[in-house]
Amino acid sequence: MSAYKSAEQYRTIAGRLTLPGHAFIDGDWTAAASGKVFENVDPATGALLGTVAACDGADVDRAVASARRVFEAGDWSRAAPEARKAVLLKLADLVRANAEELAVLESVDSGKTIKDCLNEISHEVPTFFQWYGELADKAFGKVAPTAEKVVAMIVKEPIGVVGLVLPWNFPLLMAAWKLAPALAVGCSAVLKPAEQTPLSALRLAELAIEAGLPPGVLNVVPGFGETAGQAIGRHNDIDAVSFTGSTEVGAYFLKYASESNLKPVGLEMGGKSPMIVLDDADIDDTLVSSAINAAFWNGGQNCSANMRQIVDRRVKDAFLDRVLEKTRALVVGDPLDPATDLGSMVSTEHKERVLSYIEIGKAEGAQTLAGGGASEGLAGAFVDPTVFDNVDPGMRIAREEIFGPVLGVIPVDGVDEALTIARDTDYGLHATVFTRDIDKAFHLAKRLPCGTVAINGFSEGNVTTPFGGYKRSGSMARDNGTEAIDQYLQTKTIWLSLK
Ligand code: NDP
């Protein structure tokens, strides 16, 4: 029996959902102070889902005041770690219990497939709350080596009120990546979901209260980047910001910080990640599925998408035969149908952006082997999975982030040329390497300037492994693993002189 319900059943669930339309501040729903709302559209159908509060600076002020009040009161920030752990474990359970509804909510909000939404929301999202919850009471401070008459303790304290600014490609998962470590260490948060996908984060805030999180610890302010996002970046009473999104907007956050209170800013931004296939690689199911996933998972709307597939000429034909066979079998369509592999792009504007890159690729002389345009017969923001061959490393499609279902093959001769081309990018988020030679695998892993190198299988790692970028893909901050909590902590030295 299938693990999934039918598209019809998911549509029925969608029809029954109560869609959140307000901001969530100080433990309660509230309209934007201005009374303004924005329209929230299902990108797969173009249907209006509802309206959502368009928060701006005044609402961010309210949210920060609430977050600050509870932080200073200590109900969460100074609670016993095991008490925070209990709430985060309960939240993980509540996400699991409500995973189906949350997944349907996210699917209609974003155009993501129900399969991916269910996988992320019933497994990954609760894992983050559980893992960081369990970490809450297992992090110890240090005692420095000193002369006998001194005890010097190095302790970590929650940094305070954090601003979390999210992208639209993995709405609830990105909320969990940032919230779980921030809450585990005792911070209060003001979270801004992307304007395209505000719904699941709003519902999460409600579940967090049900789990026992004190009101005001988690505030969600839906709205636009230029208003709500900028107000967070510039707020003098926000102690740190963690952002995921484009490199352009990441740079704004550095500027906002430098023009306000110099808050630390954690940035996880775009990529133009390579997959290297050497001539000794087995062109088997694992490799081909990795190539497909690396380019087309989430419709290619993935910061670590391996769009640049750098393939040795000696295996290129075999590689392309298998990749094309799988690409042609991919089902593009109704995101609520569990048979669908690629849902819609997040919005019509984004679809147009992706299509314009596909046209640029054609004009630059890349050879279209599959796809190459909007999906015929589908009215929403759908783009066919597209495979380009003979992509030149200097082409714009090989240098700029497309963030859509485009796989570009760059043919090379040998490991040295592969490495030179793979390194030749402004970004440094991720890379995948396929080879049977352990020496070549480690040589490439050490020489690739990026935050994650996956060998013989496309992967971003998991909750235990830090994720972030080199160069224009990120700052020193990392999401995930024990490293993530560093974004939300201060270090204090307590120097005690003994008599
Ligand atoms: P953005 O970087 O514009 O958006 C990310 C977040 O920042 C959103 O919450 C957005 O708000 C907010 N934001 C936007 N402008 C500002 C601003 N001036 N000040 C403060 N906050 C702001 O990404 P987009 O959604 O526009 O996508 C554009 C491109 O960015 C994609 O095509 C892709 O290349 C890249 N991207 C990378 C992601 C990643 O995972 N690394 C994720 C998403 C996008 P709002 O959306 O409400 O305006």
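1. In this predicted model, glutamate 359 and lysine 362 sit three residues apart in helix H12 (residues 348–364), about one turn of the helix. The two form a salt bridge, with 3.1 Å between the closest N and O atoms. Glutamate 359 has a relative accessible area of 44% and is therefore partly exposed. Lysine 362 also counts as partly exposed, at 32% relative accessibility.

2. Helix H3 (residues 81–97) holds the pair aspartate 93 and arginine 96, three residues apart and so separated by about one helical turn. Their side chains meet in a salt bridge, at 3.0 Å from N to O. At 43% relative accessibility aspartate 93 is partly exposed. For arginine 96 the value is 34%, which again means partly exposed.

3. A salt bridge between strands comes next. The side chains of glutamate 157 and lysine 492 meet at 3.1 Å, N to O. Glutamate 157 belongs to strand S6 (residues 150–158) and lysine 492 to strand S21 (residues 489–497), so this pair ties together parts that lie 335 residues apart in sequence. Glutamate 157 is partly exposed because its relative accessible area is 30%, between the limits of 20% and 50%. Lysine 492, at 37% relative accessibility, is partly exposed as well.

4. How many salt bridges does the model contain by the rule used here? The count comes to 27. Some charged residues are joined beyond simple pairs: a network of salt bridges links Arg68, Glu72, Asp237 and Asp239.

5. Turning to the ligand, 30 residues surround it, and the closest are Leu166, Trp168, Lys192, Glu195 and Ser246. The space that the ligand takes is the largest pocket. Which elements give two or more residues to the shell around the ligand? They are helix H8 (225–234), strand S10 (240–244), helix H9 (247–258) and H12. H9 provides the largest share of this shell, four residues. H12 is also the helix in which glutamate 359 and lysine 362 lie.

6. A polar side-chain atom of tyrosine 256 is 2.7 Å from a nitrogen atom of the ligand. A polar backbone atom of glycine 225 lies 3.0 Å from an oxygen atom of the ligand. In the side chain of arginine 353, an N or O atom is 2.8 Å from a ligand oxygen. On its own the ligand has 850 Å² of accessible area, and the protein covers 89% of this.

7. Aspartate 392 is placed in the loop between strand S15 (386–389) and helix H13 (396–399). A polar atom of the aspartate 392 side chain lies 2.8 Å from the backbone nitrogen of glycine 394. Is aspartate 392 buried, partly exposed or exposed? Its relative accessibility is 42%, so aspartate 392 counts as partly exposed. Glycine 361 is 31 residues from aspartate 392 along the chain, and their C-alpha atoms are separated by 9.9 Å.

8. Asparagine 462 also has its place in a loop, here between strand S19 (452–455) and strand S20 (470–471). The side chains of asparagine 462 and threonine 464 make a polar contact at 2.6 Å. With a relative accessibility of 43%, asparagine 462 counts as partly exposed. From asparagine 462 to glycine 186 the C-alpha distance is 23 Å, and the two residues are 276 residues apart in sequence.

9. Threonine 30 is found in strand S2 (residues 28–30). Why does threonine 30 count as buried? Its relative accessible area is 15%, and buried means under 20%. The side chain of threonine 30 makes a polar contact with the side chain of arginine 62, at 3.0 Å.

Note on methods: Residues numbered from 1 in each chain as written. Predicted model: local features only at pLDDT ≥ 70, side-chain atom pairs only at ≥ 80, totals over all residues. Heavy atoms only, no water. Salt bridge = Lys/Arg side-chain N within 4 Å of Asp/Glu carboxyl O. Buried < 20%, exposed > 50% of the residue type's maximum accessible area, 1.4 Å probe, protein only. Near = heavy atom within 4 Å. Polar contact = N/O pair within 3.5 Å; in protein donor to acceptor, adjacent residues only side chain to side chain. Areas by Shrake-Rupley, 256 points an atom, 1.4 Å probe, with all protein chains shown as cover. 1 Å grid on protein atoms, 1.4 Å probe; cavity = no way out; pocket = protein on both sides within 12 Å on 5 of 7 lines; lining within 4 Å. Sits in = over half its atoms within 2 Å of the grid points.
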